[in-house]
Amino acid sequence: MIKSTYSTTESTHRDIIDFVKAAKSGDSNFKVIDLGGGVNGWTSEIADVIVDINVNDTQSTLQADICQEKDYAKLISFVEQHGLFDYCICTHTLEDLYNPFLALNYMPRIAKAGVITMPTMTDELSPVQSLSWSGYIHHRWIFEFLDEKIFIIPKIRSLEAFIRSRMSRVKATEIRFDWQNAIPYEIFMNNYLGPDLKTVASELKVVLDRLNQQSRGAYIFCDVYTRPARLLMRLVRFVRMKVGIKLRAN
């Protein structure tokens, strides 16, 4: 089971902290694991174990690269010794990873339930850091909720060119997934962008139409073949390249 809501990071942090504290007060054996929480450490007061590539193995931390299959052996061994965690926290982590799918596959094997958060698709299509690019420069994936599953789109300029959001920056800058027992997810085109541009554009248009029906209805498909600004940009680049070649030849 999985559900999705839109919120803010501050609100989600407060909500998770309050939930875990209440659960621990009712059950002293309620155990919490945080995947990827070693950077800002906001869960240090509620997490029993924090897993991160940048921590050492201690009583409350486990060093692991959660993009590597072999590193999950350490987590599985821990669970076999101590039992499943009651709750798994994974906030603002998966969008950074080159392989977030391992974490999605393994979380239900180490915990009974949990929460996953990241910036909304709207934010990842907005100039939140710079007018020169969309979203956050270090993010690799865009996440939405579609057909009762986490839907994942590679965050690359060639795909972003097709998508525009009708929504300006709003307070709900974070998408939150609460799951129990399993984490259903789907990757756009099964992570294969091909065999040609026309096919990818057609598939993406279908996805955006479905998102507009099921999510907040924020997305517009842009036909990059007919957008004058993009055609002009390509012409300018072509001319600059030709001029540069001519100057070097002289």
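In which sense do strand β6 (residues 113-119) and strand β10 (residues 174-180) pair, and over how many bridges? In this predicted model, the two strands run antiparallel to each other and are joined over seven bridges. Within this pairing, Gly114 stands opposite Trp179 of β10, and the bridge partner of Thr117 in β10 is Arg176.

**The sheet**

Strands β6 and β10 belong to an open sheet of seven strands, whose order is β1-β10-β6-β5-β2-β3-β4 and whose pairing is mixed. The edges are formed by β1 (2-7) and β4, each of which pairs on one side only. On average, and with direction ignored, neighbouring strands of this sheet are turned by 20° against each other. Strand β10 also pairs with β1, to which it is joined by six bridges in an antiparallel arrangement, and here Ser4 stands opposite Phe177 of β10. Six of the seven residues of β10 are buried, so this strand is largely enclosed by the rest of the structure.

**Helices on the sheet**

Helix α2 packs on the sheet, where it touches β2, β3 and β4, and its direction makes about 145° with that of β4. Helix α3 lies across β2, β5 (87-91), β6 and β10, and runs at about 170° to β2.

The buried residues of helix α2 (residues 72-82) include Tyr72, Leu75, Ile76 and Val79. They cover an arc of only 95° around the axis, which puts them on the same side of α2. An α-helix has 3.6 residues a turn, so residues three or four places apart point the same way. The buried residues of α2 pack against β2 (32-35), β3 (49-52), β4 (61-63) and α3 (101-110), whereas Glu80, Gln81 and His82, on the other side of the helix, are exposed. His82 has a relative accessible area of 55%, and its C-alpha atom is separated by 47 Å from that of Arg164, a residue 82 positions away along the chain. Just after α2, Gly83 takes a positive phi of about 90°.

**Aromatic pairs**

A search of the whole structure finds eight aromatic pairs, among them a tilted pair of Phe19 and Tyr87, with 5.0 Å from centre to centre and 55° between the planes. Phe19 lies in helix α1 (residues 9-26) and Tyr87 in strand β5, so this pair ties together parts that are 68 residues apart in sequence. Phe19 and Tyr87 also belong, with Phe30, to one aromatic cluster.

The rings of Phe101 and Tyr185 have their centres 6.1 Å apart and their planes at 15°, so this pair is stacked. Because Phe101 lies in helix α3 and Tyr185 in strand β11 (residues 185-187), the pair ties together parts that are 84 residues apart in sequence.

| Residue | Relative accessible area | Class |
|---|---|---|
| Phe19 | 38% | partly exposed |
| Tyr87 | 6% | buried |
| Phe101 | 12% | buried |
| Tyr185 | 23% | partly exposed |

The classes follow from the cut-offs, because buried means under 20% relative accessible area and exposed over 50%, with partly exposed in between. Tyr185, at 23%, therefore counts as partly exposed, while Phe101, at 12%, is buried.

Conventions:
Residues numbered from 1 in each chain as written. Predicted model: local features only at pLDDT ≥ 70, side-chain atom pairs only at ≥ 80, totals over all residues. Heavy atoms only, no water. Buried < 20%, exposed > 50% of the residue type's maximum accessible area, 1.4 Å probe, protein only. Helix = DSSP H or I, 4+ residues; strand = E, 2+ residues; numbered from the N terminus. Arc of directions from axis to C-beta. Contact = heavy atoms within 4.5 Å. Pairing = 2+ DSSP bridges. Axes fitted to C-alpha atoms, helices over the stretch in contact; angles between N-to-C directions. Phe/Tyr/Trp six-rings, centres within 6.5 Å; stacked < 30°, edge-to-face > 60°.
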